[in-house]
Amino acid sequence: MTVRERIVDLFRSNPGVYLSGEQISRELGCSRTAVWKHIESLRQDGFQFEAVTRKGYRLTEEPDKLRKAHIEEALQTRFMGRHIEIREAVESTMNEAHKLVAEGAEEGTLIFAEEQTSGRGRMGRHWHSPKGKGIWMSLILKPRVPVYFVPQLTLLTAVALCRAIRKECGIDIGIKWPNDLLVKGRKVSGILLEMSGEDERLKYVIIGVGITANLTEADFPEDLKPVATSLALESGAPVRREAMIAAFLNELEQLYDLYLENGFAPIRIMWEAMSVSLNCPIRVKTSQGTVEGRADSLDDSGALTVIADDGRKVKIYSGDVELR
């Protein structure tokens with residue numbers, strides 16, 4: 001255990017109590033100057049101390065750090081999340097997950113980062129991932145399904161996440177095709193799938209999930225404030241990130257098993273019930289052009305059926321949907 005960890009442990013063992021620099025230095029066998037430097041370092045990492053002359057320091061708040069043990073205690077899964085990697089900061093959890101697959105990572109392996117410096121969403125867009133405020137994670141799955149079923153897994157993940165957020169936060173959240181979760185029209189989560197296949201069979205798929213859990217208004221860049229929000233802002237209470245991650249994995253494994261046993265049909269029914277896109281006027285930007293009309297339904301592959309303004313029935317397999 002490092003000196004920093006021993007200092008934190010000492011304060012945790014004496015909750016609400018002032019500890020003098022002299023007392024801490026005596027307990028840990030280091031100088032008072034070293035104690036001061038370590039406390040200042042802890043402050044930079046989000047620990048908050050109250051300092052009072054002739055009384056010492058009192059720990060008043062700890063940063064919201066994820067702990068594997070707390071996630072594991074809340075899991076009800078057989079394999080999802082049974083191996084968890086937590087990083088302080090990475091460019092992207094998707095990149096780290098691909099590395100783990102190459103090293104032989106088992107199905108259900110989850111990697112989480114407190115911060116992403118180059119997080120990405122669909123179509124290479126940047127994903128805003130500030131330190132300690134959100135849930136930035138990637139999950140490795142190895143389903144024995146054809147490559148062209150991957151879009152169904154995106155929709156399945158959205159259903160699982162929507163169910164978990166509704167249970168944990170009690171807010172009215174819905175899914176915008178194919179991968180965004182919205183509250184009152186503003187985005188709180190996005191889903192990105194990347195896969196590797198061979199001979200039309202999946203070798204593995206990585207599910208990336210970003211959730212703006214505890215961001216404040218000040219945490220969002222100006223260009224995102226009109227279109228994004230957080231679970232904490234919408235629910236009025238901080239999100240317990242460990243509980244949210246476990247709730248998501250519990251829901252996902254249950255739906256994943258249902259999908260592998262019964263196909264996409266039951267997932268489609270649940271998705272349609274949670275959708276904020278269906279029966280709404282939309283604009284879809286695709287590689288072939290823009291389609292305007294009314295979102296009608298999902299087909300068996302997961303494609304969005306749109307009744308265009310000119311009466312045509314159009315299948316959308318990939319594109320950006322805007323609610324009009």
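A residue counts as exposed when its relative accessible area is over 50%, as buried when that area is under 20%, and as partly exposed in between. These cut-offs are applied below to single residues of a predicted model.

**Exposed residues with positive phi**

Lys184 has a relative accessible area of 73%, so Lys184 is exposed. Lys184 sits in the loop that joins strand E7 to strand E8 (186-198). Its phi is near 55°, which is a positive value in a residue other than glycine.

Asn279 can be described in the like manner. Its relative accessible area is 57%, so Asn279 is exposed. The loop that holds Asn279 runs between helix H9 (265-274) and strand E10 (281-286). Phi of Asn279 is near 65°, again a positive value in a residue other than glycine.

**The chain as a whole**

The chain has 324 residues, and 49% of them count as buried. Its secondary structure comes to 9 helices and 14 strands. Among the contacts in the chain with a separation of 6 or more, 61% are between residues 24 or more positions apart.

**Helix H2**

Helix H2 covers residues 21-28, and its buried residues are Gly21, Ile24, Ser25 and Leu28. Looking down the axis of H2, these buried residues fall within an arc of 95°, so they line one face of the helix. What covers them includes helix H1 (3-13), helix H3 (32-44) and strand E2 (56-61). Just after H2 comes Gly29, which takes a positive phi of about 70°.

**Helix H6 and its two partners**

Helix H6 (residues 150-169) packs with helix H8 (residues 241-262) and also with helix H9. The table sets out the two pairs.| Helix pair | Axis separation | Crossing angle | Hand of crossing |
|---|---|---|---|
| H6 and H8 | within 8 Å | roughly 135° | right-handed |
| H6 and H9 | 9 Å | about 55° | left-handed |

For H6 and H8, the axes cross at roughly 135°. That angle makes H6 oblique to H8. The residues of this contact divide into 16 nonpolar, 3 polar and 4 charged.

For H6 and H9, the packing angle is about 55°. These two helices are therefore oblique to each other. On the H6 side the contact is made by Leu155, Leu156, Val159, Cys162, Arg163 and Arg166, and on the H9 side by Ile267, Met270, Trp271 and Met274. Sorted by type, the residues of the contact of H6 with H9 are 8 nonpolar, no polar and 2 charged.

**A cis peptide bond**

Which form does the peptide bond from Trp177 to Pro178 take? This bond is cis, with omega near -5°. Pro178 lies in a loop, with strand E6 (174-176) on one side and strand E7 (180-183) on the other.

**His128**

The loop between strand E4 (110-116) and strand E5 (135-141) contains His128. Its relative accessibility is 23%, so His128 counts as partly exposed. Leaving out residues up to four places away in sequence, His128 touches Trp136, Leu215, Asp219, Phe220, Pro221 and Leu224. His128 and Glu234 are 106 residues apart along the chain, and their C-alpha atoms are separated by 18 Å.

**Gly208**

Is Gly208 buried or exposed? Gly208 has a relative accessible area of 9%, so it is buried. Its place is in strand E9 (residues 201-211). When neighbours within four places in sequence are left aside, Gly208 is in contact with Met94, Met137, Ser138, Gly190, Ile191 and Leu192. Leu193 is 15 residues from Gly208 along the chain, and the C-alpha atoms of Gly208 and Leu193 are separated by 6.1 Å.

Technical notes:
Residues are numbered from 1 along each chain as its sequence is written. This is a predicted model: local features need pLDDT of at least 70, side-chain atom pairs count only at pLDDT 80 or more; totals for chains, interfaces and linings use all residues. Side-chain values use heavy atoms; hydrogens and water are left out. Axes are lines fitted to C-alpha atoms, for helices over the stretch in contact, and angles run from 0 to 180 degrees between N-to-C directions. Helices (H or I, at least four residues) and strands (E, at least two) are DSSP runs, numbered from the N terminus. Angles under 35 degrees count as roughly parallel, over 145 as roughly antiparallel, 65 to 115 as roughly perpendicular and the rest as oblique. A crossing is left-handed if the near helix is turned anticlockwise from the far one by less than a right angle, and right-handed if clockwise. Ala, Val, Leu, Ile, Met, Phe, Trp, Tyr, Cys and Pro count as nonpolar, Asp, Glu, Lys and Arg as charged, and the others, Gly among them, as polar. Buried means under 20% relative accessible area, exposed over 50%, partly exposed in between (1.4 Å probe, protein chains only). The arc is that of the directions from the helix axis to the C-beta atoms. Contact means heavy atoms within 4.5 Å.
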